[in-house]
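The entries follow the order in which I checked things.

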Amino acid sequence: MILARGKRGQNAASRVQKVFQRSPCFRPLRDKYGNRLGEFLEGRVEVIDGDARKPLFGISEPLLDLVLEQLDAVVHVAGSPISTVTLVTRCR
Ligand SMILES: NC(=O)c1ccc[n+]([C@@H]2O[C@H](COP(=O)([O-])OP(=O)(O)OC[C@H]3O[C@@H](n4cnc5c(N)ncnc54)[C@H](OP(=O)(O)O)[C@@H]3O)[C@@H](O)[C@H]2O)c1
């Protein structure tokens with residue numbers, strides 16, 4: 001699951017899709033799967049429209065509960081801090 005935010009009229013899913021299509025990091029996957037990359041990612045990567053700075057990450061409580069049920073680890077790459085208190089208390 002990737003929590004990302006929309007920007008400049010683009011929703012989170014479109015922004016993440018562009019990263020998969022353009023970022024040098026994903027070149028090996030693009031080389032391997034070519035125009036079937038979308039198919040490969042479908043069901044493996046879920047994009048959630050949220051904002052790490054907002055309370056409950058800007059998503060609804062039921063969605064957050066659903067996410068936390070499936071969560072093993074968090075890789076936080078945003079420069080802004082997140083509420084680890086929210087994560088820890090909610091994961092219990
Ligand atoms: N920049 C530096 O000079 C520097 C130096 C040393 C270490 N670092 C570390 O490297 C990491 C990345 O730095 P960065 O400057 O690229 O950070 P950044 O500007 O916060 O962006 C990193 C990623 O996090 C996303 N993001 C930022 N705030 C978000 C929010 N509130 N909700 C959801 N997504 C959010 C950004 O997406 P958007 O496109 O939506 O903003 C981007 O994809 C950080 O951990 C930082 O501490 C950075």
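**Entry: R8.** I looked for R8 and found it in the loop between β1 (2–4) and α1 (12–22). The model is predicted, so I kept to features that pass the pLDDT cut-off of at least 70. I then read the backbone of R8. Its phi is positive, at about 45 degrees, and R8 is not a glycine. Is R8 buried or exposed? I counted 5 C-beta neighbours inside 10 Å, so R8 is exposed; the cut-off for that class is 12 or fewer.

**Entry: K7.** I turned to K7, which sits in the loop between β1 and α1. I found 10 other C-beta atoms within 10 Å of K7, so K7 is exposed. I also took a distance from K7 to F57. The two are 50 residues apart along the chain. Their C-alpha atoms are separated by 16 Å.

**Entry: L56.** I went on to another positive phi. L56 is a residue other than glycine, and its phi is near 55 degrees. Which loop holds L56? I placed L56 in the loop between β2 (47–49) and α4 (61–69). I noted 15 C-beta neighbours inside 10 Å for L56, and therefore logged L56 as partly exposed. Buried would need 20 or more.

**Entry: domains.** I looked up the domain assignment. It gives domain 1 as 1–49 and domain 2 as 52–92. How far apart are the C-alpha centres of domain 1 and domain 2? I have 21 Å for that separation.

**Entry: ligand shell.** I listed the residues around the ligand. A4, R5 and K7 are among them. D51, A52 and R53 are also in the list. I sorted the shell by class and got 4 nonpolar, 2 polar and 4 charged residues. Which domains supply the shell? Domain 1 and domain 2 each give at least three residues.

**Entry: confidence.** I checked pLDDT last. The protein averages 89. I noted that 93% of the residues score at least 70. Where is confidence lowest, and where is it highest? Helix α5 (residues 84–91) is lowest, with a mean of 70. Helix α2 (residues 27–33) is highest, at 97.

Methods. Residues numbered from 1 in each chain as written. Predicted model: local features only at pLDDT ≥ 70, side-chain atom pairs only at ≥ 80, totals over all residues. Domains from an automatic or database assignment. Helix = DSSP H or I, 4+ residues; strand = E, 2+ residues; numbered from the N terminus. Near = placed C-beta within 6 Å. Nonpolar A, V, L, I, M, F, W, Y, C, P; charged D, E, K, R; others polar. pLDDT = per-residue confidence, 0-100.
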